[in-house]
Amino acid sequence: MAYVTHTSVGSDSHVEKSKALWSSLTSRFTAYRNYRRTLSELRTLTTRELADLGLNRSMLKRVAMEAAYDA
């Protein structure tokens with residue numbers, strides 16, 4: 001009778017994975033908060049001010065997304 005034992009040791013510990021997850025979550029939350037702030041500020045502008053910037057109201061979400069997420 002033969003027995004096979006295989007032990008795999010991961011390169012990342014649970015602590016490192018937790019740190020990476022936390023870092024990812026905080027960066028995503030920061031980007032989302034920047035998106036919401038940018039969108040809010042753009043929505044306070046008048047139609048005339050938006051036109052001076054070359055924008056219209058239908059473009060605000062895309063512009064805020066690009067500003068926050070570098071998309």
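**Close-up views of a predicted model**

**View 1. Leucine 45 and its contacts.** Beyond residues up to four places away in sequence, leucine 45 touches Leu50, Leu53 and Arg57. The model shown is predicted. Leucine 45 sits in the loop between α1 and α2 (47-52). Its relative accessibility is 23%, so leucine 45 counts as partly exposed. Arginine 57 lies twelve residues from leucine 45 in sequence, with 9.6 Å between their C-alpha atoms.

**View 2. The largest nonpolar core.** Eight residues build this core: Tyr35, Leu39, Leu42, Leu50, Leu55, Leu60, Ala64 and Ala68. Two or more of them come from each of α1 (14-44) and α3 (60-69). Leucine 42 belongs to the core. Apart from neighbours within four places in sequence, leucine 42 is in contact with Leu50, Arg57, Leu60, Val63 and Ala64.

**View 3. A tyrosine cluster.** Tyr32, Tyr35 and Tyr69 form one aromatic cluster. The whole structure holds two aromatic pairs. In one, tyrosine 32 and tyrosine 35 are tilted, 6.4 Å centre to centre with 35° between the planes. Both residues lie in helix α1, three residues apart, about one turn of the helix. Tyrosine 35 is buried, at 10% relative accessibility. The rings of tyrosine 35 and tyrosine 69 also form a tilted pair, with centres 6.3 Å apart and planes at 35°. This pair links distant parts of the chain: tyrosine 35 is in helix α1 and tyrosine 69 in helix α3, 34 residues apart. Tyrosine 69 is partly exposed, with a relative accessible area of 35%. Tyrosine 32 is partly exposed at 42%.

**View 4. Confidence along the chain.** The mean pLDDT of the chain is 90, and 86% of the residues score at least 70. Among the elements, α2 has the highest mean pLDDT (97) and α1 the lowest (95).

How values were computed. Residues numbered from 1 in each chain as written. Predicted model: local features only at pLDDT ≥ 70, side-chain atom pairs only at ≥ 80, totals over all residues. Heavy atoms only, no water. Core = buried A, V, L, I, M, F, W, Y, C linked by side-chain atoms within 4.5 Å. Buried < 20%, exposed > 50% of the residue type's maximum accessible area, 1.4 Å probe, protein only. Helix = DSSP H or I, 4+ residues; strand = E, 2+ residues; numbered from the N terminus. Contact = heavy atoms within 4.5 Å. pLDDT = per-residue confidence, 0-100. Phe/Tyr/Trp six-rings, centres within 6.5 Å; stacked < 30°, edge-to-face > 60°.
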